[in-house]
Amino acid sequence: MGDASVLTATELEERLLRFTRERLAEREVADAITVDTLLFEDRVIDSLKVLELIAFLQSALGRKIPDAQIVLANFRSIATIARVFTNGEPIAIKRVRRGPAIGGRGKREEGRAGTNGKREIQRLGANAAPLGARLQSGVSEMLARRELEVTPDGGLIMRGSAASLRDYFDSTVYGWALELGATEETFPAEIPLATLGRAGFTTAFPEKLVFTGTPGDESARPPAVCYHHYPCVSDSTLEGGESIVTAIGRCYRNEHDPNSVHPEERLAAFTMREIIAVGDVALVEKLRNELMVRVRLWLNELSLRGHIEIASDPFFTNESRGRMLMQQMLPLKYELRLRVDADGRSVAAASFNNHQQHFGRAFSILLPSGEHAHSGCVAFGWERWVIAFVNQHGPDEESWPDVVRSKNVANV
Ligand SMILES: [Zn+2]
């Protein structure tokens, strides 16, 4: 055990640097590592090495580091670790939740505050007026006017200004997709069970599947748009090494509760716009980051309150401790949550997903290098955008931000 009382940041830095170069880093890059090297982002550390690093750090400090403090903000580089754990204030998070499906519709009860037990990374719409008095029951009003209507099978019909709003949202993101080099795809209303099986969905979330109702049918309703895309590039080498597509589609998940106080917030059938990237790791992260930046700016423009937070990755069902900690360090899924009520209730309205090589392996998609392709998708659920927007800005177009009204006129 080291003597924690006398260990300075500089001493800890030196010890960590030596340990990292000698024990953790690949031989070829060891000498190039400095105290400022990004340990996780530059992939010096993997899921086994993270455990060694933590063990070494604990031994040097002479105390245990709680899991809650094992987050990227405290571990970005050796300099960060040394500063934070000797004389700084380590950032602590509560354990991230588990088990939501791709596309951002988790199991969590929507009736309570949205940030409980989660890591919230950025509040959005900070320039908007105070919400307390302003968050209205816009949705109730629109339901009464039948501009919104919940169907018995858990869909949401949008008419009039609600429909224009949805079209404005979608045309904006569709425009982004084209700017980012996406080609548009149109996918069928059903998806083969074999495809969902290959994707791992039928094993992970069998209870969420919505079937077509035709006896003996070997297909189901798609739970997300991107499952349609992987078979299009499966069992082959990806031409040009990358593929970016966008598509809008009806998606279905068996999660609707008609007796809920807010049945419109958790639908069984909804409209999803996805932008999907298949390629190398850099392509996937570039697309995801670019879209997160655009969404942040857009929310400010729309004066929409929400936040982006880290959600857990649905594929780590039997995660080892090392993988769990890596997931905490390098999030695979961010979720945009939009406020729907003054009490802090929010709905997941978009997700920014890095699937790593999950689908590349499952669908045998190879890069020209021979490596399995990485993939990622960014998914927007338009019903929830409409609901949050209408609750925050009211049911009447006159009180909506100009940017929406002018776009409406231009688009309709
Ligand atoms: Zn997706």
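Helix axes are here lines fitted to C-alpha atoms over the stretch in contact, and angles run from 0 to 180 degrees between N-to-C directions. The structure is a predicted model, in which local features need pLDDT of at least 70 and side-chain atom pairs count only at pLDDT 80 or more, while totals for chains, interfaces and linings use all residues. Residues are numbered from 1 along each chain as its sequence is written.

The protein contains 14 helices and 14 strands, taken as DSSP runs numbered from the N terminus (helices H or I, at least four residues; strands E, at least two). Of its 412 residues, 40% count as buried. A residue is buried if 20 or more other C-beta atoms lie within 10 Å of its own, exposed if 12 or fewer, and partly exposed in between, with C-beta atoms placed from the backbone. Among contacts with a separation of 6 or more, 73% involve residues 24 or more positions apart; two residues are in contact if their C-beta atoms, placed from the backbone, lie within 7 Å.

The account of the helices begins with α1 (residues 9-24) and α5 (residues 78-86), whose axes come within 9 Å and cross at roughly 140 degrees. That angle makes α1 oblique to α5, because angles under 35 degrees count as roughly parallel, over 145 as roughly antiparallel, 65 to 115 as roughly perpendicular and the rest as oblique. The crossing is right-handed; a crossing is left-handed if the near helix is turned anticlockwise from the far one by less than a right angle, and right-handed if clockwise. Residues A9, L12, E13, L16, L17 and T20 of α1 meet I78, A79, I81, A82, R83 and T86 of α5. By class, this contact has 8 nonpolar, 2 polar and 2 charged residues, where Ala, Val, Leu, Ile, Met, Phe, Trp, Tyr, Cys and Pro count as nonpolar, Asp, Glu, Lys and Arg as charged, and the others, Gly among them, as polar.

Helix α6 (residues 138-144) holds L143, which is partly exposed, with 19 other C-beta atoms within 10 Å. Leaving aside residues up to four places away in sequence, L143 touches L148 and E149. L143 and E264 lie 121 residues apart in sequence, yet 9.6 Å apart in space, C-alpha to C-alpha.

Attention now turns to the strands, where two strands pair if DSSP finds at least two bridges between them. Strand β11 (residues 333-339) has 7 of its 7 residues buried. In a regular strand the side chains alternate between the two faces of the sheet. On β11, both faces are covered, with K333, E335, R337 and R339 buried on one side and Y334, L336 and L338 on the other. Strand β10 (residues 306-311) pairs with β11 in the antiparallel sense over 6 bridges, and Y334 is the bridge partner of I310. Strand β12 (residues 346-356) also pairs with β11 in the antiparallel sense, over 7 bridges, with Y334 standing opposite F352. The hairpin of β11 and β12 has 6 residues between the strands, and G344 takes a positive phi near 100 degrees there.

Strand β9 (residues 269-279) pairs with β14 in the antiparallel sense over 8 bridges, and I275 stands opposite V378.
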